[in-house]
Amino acid sequence: MKEERYDVVVVGAGPAGSMTAKKAAEHGLDVLLIERNQEIGVPVKCAEGVSKEIEQLVALDKRWVCAEVKGANIYSPDGTKVVMGGENMEEVGYVLERRIFDKFLASEAARAGAEVSVKTEAYGIIKENGYAKGVYVRCMGENKRVSARVVVGADGVESRVGRWAGIDTRLPPHNISVGAEFLMCNIEVNRDYTEFFVGSEIAPKGYAWVFTKGGNYANVGVGIGGDTSGEKHRAIDYLKAFARNKFPDGKVVAEMYGAVPLSGPLNETVGDGLVLVGDAARQVNPITGGGITYAMHAGGIAGDVVAQAVHENDVSKKNLMEYDRKWRKEFGKRLDTGLKAKEFCFNLSDEDLNTLAHSLADKRVTELTPWALLMALIKRNPRMLMGLAKVLL
Ligand SMILES: Cc1cc2nc3c(=O)[nH]c(=O)nc-3n(C[C@H](O)[C@H](O)[C@H](O)COP(=O)(O)OP(=O)(O)OC[C@H]3O[C@@H](n4cnc5c(N)ncnc54)[C@H](O)[C@@H]3O)c2cc1C
């Protein structure tokens, strides 16, 4: 079997993998970034909303920003609107064009010196003395052995790299959101606010969304709890009902399906010669389902730590733990809080959700950050939200 050698092999060219590859290459490492699909960023499996935090991770480029929004409107089951806004909003700020954005990030990695190989799928891990030492890949019908000092699993929600290395990455159905989305045109879209719709008939243990893509285009989607999905109750069934009701004259020009891990991050994100990043490490905010900026942030940290470990000639789990410590310090608390909030909110009835929305639907409380929103809700509904207050405060 043909053999290639690198310092680092990164499996998966999503935001996590490309950022890791870029950083590691900037530090002078020999990096191979592999992607099983023939085109990076395609198929898109995302609503494409990000907070303004993305500006701290990459310089904005109008080629991949479709729209800028001021906040989010949330509609309770009876249609009561709550408006969220402010600089710290998650999943609003910009709506991206990921088919271009993901390619742009991979090009940045290439510009920094990484090799990029598409149509290249990892199908197994090379292990020696308990250390990950590379991956077996299939590329254009040919099997190859890619040896590396460090293997980075950036292979998304379906990640197999961690499992191959012996890390428990299983996701029970209640910790997955299954989503379906249409790119629709010919519809009246709110161009200033992203819109979210909650309620058991719209999206059990999840929500429906409408994110402007500019003009009369929008991503219209539904994500539901994996444990609620079943015959005639799949995400696509809810999406069809939602789209028919909300946009009877709209036309569907693209359709996609995908899953988001809502478990909170893995307990272990490193091993000997191994690092997991992005969805593969479950670095997604469980209450919003947003993972793009976390994947990028973690990728940047991973690239730095991997480079240092290779330069020190010590790629042991102990040395790579620096990555685990750093990302948890930077955003681990937000993911933990998101998990607690998710566990609480997913158990609220439609009646509870309406009561909460009514308690905010006055003129004095409109523009709220998520944290201010939670605080206002707790203040106005102390009995109902005592459990939430206990876990958050
Ligand atoms: C319906 C839906 C809506 C979403 N909406 C939002 C949103 O609005 N905002 C937000 O922030 N997040 C959203 N997310 C989540 C977001 O898409 C992910 O968190 C983000 O893409 C994670 O980046 P990643 O690089 O870790 O993984 P991915 O972007 O999934 O990239 C992983 C890559 O690895 C490749 N790969 C997998 N296995 C192999 C292999 N064996 N060999 C080679 N390549 C492999 C895949 O093809 C893929 O390209 C949404 C997700 C879904 C499903």
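Domain bounds are taken here from an automatic or database domain assignment, and on that basis the protein chain of this predicted model is divided into domain 1 (2–45 + 99–171 + 266–343), domain 2 (68–95 + 174–261) and domain 3 (348–392). The centres of domain 1 and domain 3, taken over C-alpha atoms, are separated by 38 Å.

Both domain 1 and domain 2 give residues to the shell around the ligand, and the ligand therefore lies between them. Of the 40 residues around the ligand, those that come nearest are G12, G14, G258, G278 and G291. Two or more residues of this shell are given by each of several elements, namely helix 1 (15–26), strand 3 (49–50), strand 9 (120–128), strand 12 (176–185), strand 15 (218–225), strand 16 (251–261) and helix 5 (292–311). In terms of residue class, the shell around the ligand comprises 16 nonpolar, 14 polar and 10 charged residues.

Helix 1 and helix 5, which are both among the elements that give two or more residues to this shell, also pack against each other, their axes coming within 7 Å and crossing at roughly 30°. Because angles under 35 degrees count as roughly parallel, helix 1 and helix 5 are described as roughly parallel to each other, and their crossing is right-handed. On the side of helix 1 the contact is made by P15, A16, G17, M19, T20, K22, K23 and A24, and on the side of helix 5 by I292, A295, M296, A298, G299, G300, A302, G303, D304, V306 and A307. The residues of this contact divide into 11 nonpolar, 5 polar and 3 charged.

A further contact of helix 1 is formed with helix 2 (residues 98–111), where the axes come within 8 Å and cross at roughly 20°. Helix 1 and helix 2 are therefore likewise roughly parallel to each other, although the crossing of this pair is left-handed, whereas that of helix 1 and helix 5 is right-handed. The residues that make the contact are P15, S18, M19, A21, K22 and A25 of helix 1 together with D102, L105, A106, E108 and A109 of helix 2. By class, the contact of helix 1 with helix 2 has 7 nonpolar, 1 polar and 3 charged residues. P15, M19 and K22 of helix 1 take part in the contact with helix 2 and are also listed in the contact with helix 5.

Definitions and conventions: Residues are numbered from 1 along each chain as its sequence is written. This is a predicted model: local features need pLDDT of at least 70, side-chain atom pairs count only at pLDDT 80 or more; totals for chains, interfaces and linings use all residues. A residue is near a molecule or strand if its C-beta atom, placed from the backbone, lies within 6 Å of it. Helices (H or I, at least four residues) and strands (E, at least two) are DSSP runs, numbered from the N terminus. Ala, Val, Leu, Ile, Met, Phe, Trp, Tyr, Cys and Pro count as nonpolar, Asp, Glu, Lys and Arg as charged, and the others, Gly among them, as polar. Axes are lines fitted to C-alpha atoms, for helices over the stretch in contact, and angles run from 0 to 180 degrees between N-to-C directions. Angles under 35 degrees count as roughly parallel, over 145 as roughly antiparallel, 65 to 115 as roughly perpendicular and the rest as oblique. A crossing is left-handed if the near helix is turned anticlockwise from the far one by less than a right angle, and right-handed if clockwise. Two residues are in contact if their C-beta atoms, placed from the backbone, lie within 7 Å.
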